Every structure is written in structure tokens, then in C-alpha cells.
Amino acid sequence: MYVLQQGDLESTSAVVAYTFTGKEVGRWGEMTPDGVIQDRLKGGGITTCPDGSVYYSYINNSGICALRQNKQNIEILKAPDASFEALSASAIRAAHREAQQMSSGVPLVKLGLSASRVMSLHCSQEGLLMRQVKHPDHRGSEIEVWRPVAQQLVGKVSAGGGTLLDIWHRTLFLGSRSQDQKFRLERIRYRVETQGTDEIPM
């Protein structure tokens, strides 16, 4: 079982692994400054793929971190996408100090809402990585589709107002609430086309 650490500003490992009996068996990476925002705002994600690799992303980080099978080195998949509005570490630290002085999480929440936010991260049965990103100023959210082994961002899917909850049998499951606050589950089917030896998600 893998846990993504959050809350304490840059003072902990990013990922901690436990057995199901609660024994700690490993620690990797370093929590980024936006981990303190993630403690106040819902976001970020951690997932495993069928090949045993572990991927994680903090709430305001444009990159996705990868722990491969040997768990020795952390690779970062960088999104070649200027639409991701990230926050500087100095701005996060300043908001964190203000929040401590006020004894309130408002400065961190306000800062977090002003930038792009990672809402969830999931891996499909065929090893595609899906990361949902929500943008500020009512620009909606989209699901990035990655081929993580090749470190390629290969497509995007509009997510509307829903949050990506899971992937199963080439179906994206998104949850949202209607105007009357009833939960609604939306399903988006996708296919994987083969061109030569490469699989391309659609």
C-alpha cells in the first residue's frame, strides 16, 4: 500500500509504502511545497500501473513523478503544456506563513484556487496514465492521457464538471453533483488504436 504524504511544508518523504499489517517498508522522494496546499484543498493523486510502477502528482505540480519497478530513482514526466498554471515555491511559503499567523487555512486555499490543480491520477489496465487537471477562472477541467513508459502526453479529454474516480474496461468513471446535489456517475468510453507497434489512446 502506497501513501502520498501531505501537510508539512517540505519536511517529509513524498511516498511511504506499508504492508497491509501496517509495517513500513519504504520511503521515496520529497514532498513539494504544494503538498501543504493539498492538505487544505482536495487534489493530487497516487496510482500504480500493471507493470508495478508507482506514479504520483501533487496538486499544483505540472510534472508527474514515477517510481519504476526497482524503486531506486524517481523520474519526472513533464507535461509540455503551457496551459498549466503553476505556483512558485516562494508564493506557497508566504501563504503558509500567513496561514500560520492567522491560524486559518484561507490564504492557502485562496492561493491554490488561483492556479491549475491536479484533481486525480489513475492508471488503466493497458498501462495508460490519466491525470485530471482543473484550471482556474472557470476554464473547466481536462483529463491528460499519458503513455508513461514513453514519457509522452498523447491526448486530452474534456472532463466537464466531473471528477475522475476510476478507470475500468476502457471506461472513465466521473462523479459529479447535479443542481439538486444528487450524485451522478458519468461514463466515458475510450478506445486504443494500434499504429504499427504503438498503441494510441483515443
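Guide: Two strands pair if DSSP finds at least two bridges between them. Helices (H or I, at least four residues) and strands (E, at least two) are themselves DSSP runs, numbered from the N terminus. The model is predicted, so local features need pLDDT of at least 70 and side-chain atom pairs count only at pLDDT 80 or more, whereas totals for chains, interfaces and linings use all residues. Residues are numbered from 1 along each chain as its sequence is written, and side-chain values use heavy atoms, with hydrogens and water left out.

Visitor: Which residue in S2 is the bridge partner of Tyr-2?

Guide: The partner of Tyr-2 in S2 is Ala-17. Strand S1 (residues 2-4) and strand S2 (residues 15-18) pair in the antiparallel sense, over three bridges. Ala-17 also has a bridge partner in S3, namely Gly-26, and Tyr-18 has Glu-24 as its partner in S3. Four bridges link S2 with strand S3 (residues 24-28), again in the antiparallel sense.

Visitor: What do S2 and S3 form, and how many residues lie between them?

Guide: They form a hairpin with five residues between them, and Gly-22 in the turn has a positive phi of about 95°.

Visitor: In what order do the strands of this open sheet lie?

Guide: The order is S1-S2-S3, an open sheet of three strands with antiparallel pairing. S1 and S3 stand at the edges with a single partner strand each, so one side of each is left without a neighbour in the sheet. Direction ignored, neighbouring strands of this sheet are turned by 20° against each other on average. For such angles, axes are lines fitted to C-alpha atoms (for helices over the stretch in contact), and angles run from 0 to 180 degrees between N-to-C directions.

Visitor: How is burial read, and how many residues of strand S6 are buried?

Guide: Buried means under 20% relative accessible area, exposed over 50%, and partly exposed in between, with a 1.4 Å probe and protein chains only. In strand S6 (residues 63-67), five of the five residues are buried, so this strand is largely enclosed by the rest of the structure. Gly-63, Cys-65 and Leu-67 point one way from S6, while Ile-64 and Ala-66 point the other way.

Visitor: Which strands pair with S6?

Guide: Strand S5 (residues 54-57) pairs with S6 in the antiparallel sense over three bridges, and Tyr-55 stands opposite Ala-66.

Visitor: What is the order of the open sheet formed by four strands?

Guide: That sheet runs S8-S9-S10-S11, with antiparallel pairing. Strand S8 (117-123) and S11 are at the edges, each with a single partner strand, so one side of each is left without a neighbour in the sheet. From one strand to the next the twist averages 20°. Within this sheet, six bridges join strand S9 (residues 129-134) to S10, and Gln-132 has Ile-143 as its bridge partner in S10.

Visitor: Is Ser-141 buried or exposed?

Guide: Ser-141 counts as buried, at 7% relative accessibility. This residue is found in strand S10 (residues 141-147). A polar contact is a pair of N or O atoms within 3.5 Å; within protein, one must be able to donate a hydrogen and the other to accept it, and residues adjacent in sequence count only if both atoms are side-chain atoms. The side chains of Ser-141 and Gln-132 make such a contact at 3.1 Å. Glu-144, also placed in strand S10, counts as buried at 2% relative accessibility, and its side chain has a polar contact of 3.1 Å with that of Trp-146.

Visitor: Is Gly-161 buried or exposed?

Guide: Gly-161 is exposed, with a relative accessible area of 70%. Its place is the loop between strand S11 (152-160) and strand S12 (163-167).

Visitor: How are two packed helices described?

Guide: Two packed helices are described by the angle between their axes and the distance between the axes. Helix H2 (residues 89-102) and helix H3 (residues 106-113) pack at about 150°, with axes 7 Å apart. That makes H2 roughly antiparallel to H3; angles over 145 degrees count as roughly antiparallel, under 35 as roughly parallel, 65 to 115 as roughly perpendicular, and the rest as oblique.
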